[in-house]
Amino acid sequence: MKKKIASLLLAGAMVASLTACGTGGGSTGTTGDTKGEGAKASNELTVWCWDPAFNIYAMNEAAKVYQKDHPDFKLNVVETPWADVQTKLTTAATSGNEDSLPDIILLQDNAFQKNVISYPDTFKDLTSSGIDFSKFPKAKTAYSVVEGKNYGVPFDNGAVVACYRTDVLKEAGYTVDDFKDITWSKYQEMGEKILAKTGKPLLSCQAGESDLIVMMLQSAGGSLFDKDGKPSMVGNDKLKKVMETYASLVKSGVLVEVNDWDQYVGTLTNSTVGGTINGCWIMASIQTAEDQSGKWAITNMPKLEGVEGATNYSNNGGSSWAVTSASKNPELAYDFLSKTFAGSTELYETILPKSGAMATYLPAAESKVYGEPQKFFGDAPVYSMITDFASKVPSNNTGVYYYEARDAVATAITKVVAGGDIDAEIKNAEDTVNFAMGK
């Protein structure tokens, strides 16, 4: 997850295209001037976001779409790394200098509620802005909903995919269809047979990280917090089941833990493992192994067995656009977002081939571009599949201390894998979060 942005540099033809689109300027332009971010004219907006080949490119293409009916519209995109976005936002909100903020700002989904709750006067309520939030999956919009009000326009897709090396599966007598709509126990059963037959684990992940834990938890509609933002780990049967499942996968050898992100990606590109389960953005890293084209396929993830509300769908990553209270032209910002990221299939068809930016905008799944077969993944229409997956993801409670909770759970599962007691480690994790919250 921490290396998501790097993973979005797509392989093959996409990589070649990224070089061309990296400047992303066009008639909208980009600027490094971060002073006086509020719009200076009635037809002008300023945006902060990161990654020239992905978010910035998409925003500039959105401006081109909007300019077709609004030729005088101007957009200033300021390249601002995520860490800087968070720092500048916090500084502006806590110092009362919110006029330094732009009209529109991109926020990571997992940090969205934290920022709105912490700085409620910094963001515009978009609920009655004219933006149609029904065109996005409920689980995606939920990341930017606070007290029933919408504060964000969803952008990129973090729906979880299960990716498999079809040649490895075939060697053990399986196909990707055998892994569709399955449980984790069935996954482990087949994984053990694949390991015995091929010598390859089916899954890898980074030790000391909680991504897989949280993906599994959300797939069952579970969260680390209750609806009031209080830690909900002790007595959380879904979390306990997730930890039991994770530990069992490691013990069986089906899941191998590695030390860092580069090693994780290496297990995929060097054919160390037979698959992976992660946000759909991981497909970009997989495609850097050009010699493996046609040998990969995707389906949905396994679900927890015997758990109420369990599904085969989850999310890891993603971001959404917010309008700040500093905007001099909020109505223009609303209209721009409603006619582009929340209203234009054309936009998503344009940005997908060059950036790999997959939409959570549901109408895009029906487009011709999204339905095109992808050679690398066995000629399957993976983009429309992923958009469909996103529509089925259960919601997740995040809140102000979400990252602290993820870190605490990561520590807990490390100790559980080493032989620690699950109940005791879950309690330690909750105690850690309560301490961070000052309780």
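## Pockets, cavities and packing in a predicted model

Biologist: OK, what counts as a pocket, and what as a cavity?

Modeller: Both come from a 1 Å grid over the protein atoms alone. A cavity is a set of points where a 1.4 Å probe fits but cannot get out, and a pocket is an open set with protein on both sides within 12 Å along at least five of seven lines. Lining residues have an atom within 4 Å of a point. Points are joined across faces, edges and corners, and a volume is the space filled by probe spheres set on the points.

Biologist: Which residues are the closest to the centre of that second largest pocket?

Modeller: Of the 23 lining residues, those are Gln113, Ile117, Val145, Val146 and Glu147. The elements giving two or more residues to the lining are α5 (109-118) and β5 (145-146), and α5 gives the most, with three residues. Helices (H or I, at least four residues) and strands (E, at least two) are DSSP runs, numbered from the N terminus.

Biologist: And by class, what's in that lining?

Modeller: Eleven nonpolar, eight polar and four charged residues. Here Ala, Val, Leu, Ile, Met, Phe, Trp, Tyr, Cys and Pro count as nonpolar, Asp, Glu, Lys and Arg as charged, and the others, Gly among them, as polar.

Biologist: How many cavities are there of 30 Å³ or more?

Modeller: Three. The second largest cavity has a volume of about 50 Å³, and its lining includes Pro137, Lys140, Tyr143 and Asn315. By class, that lining has five nonpolar, three polar and one charged residues.

Biologist: Switching to helices: at what angle do α8 and α10 pack?

Modeller: About 10 degrees, with the axes of α8 (184-198) and α10 (237-252) 10 Å apart. Axes are lines fitted to C-alpha atoms, for helices over the stretch in contact, and angles run from 0 to 180 degrees between N-to-C directions. So α8 and α10 are roughly parallel; that label covers angles under 35 degrees, with over 145 roughly antiparallel, 65 to 115 roughly perpendicular and the rest oblique.

Biologist: What about α9 and α16, how do they cross?

Modeller: The axes of α9 (211-219) and α16 (402-417) come within 9 Å and cross at roughly 110 degrees, which means α9 is roughly perpendicular to α16. In contact terms (heavy atoms within 4.5 Å), Asp211, Ile213 and Val214 in α9 meet Tyr402, Arg406, Val409 and Ile413 in α16. Those residues divide into five nonpolar, no polar and two charged.

Biologist: Last one: in what order do β8, β11 and β12 sit in their sheet?

Modeller: The order is β11-β8-β12, an open sheet with antiparallel pairing. Strands pair if DSSP finds at least two bridges between them, and β8 (160-165) and β11 have five. In one of these, Val160 has Gly279 of β11 as its bridge partner.

How values were computed. Residues numbered from 1 in each chain as written. Predicted model: local features only at pLDDT ≥ 70, side-chain atom pairs only at ≥ 80, totals over all residues. Heavy atoms only, no water.
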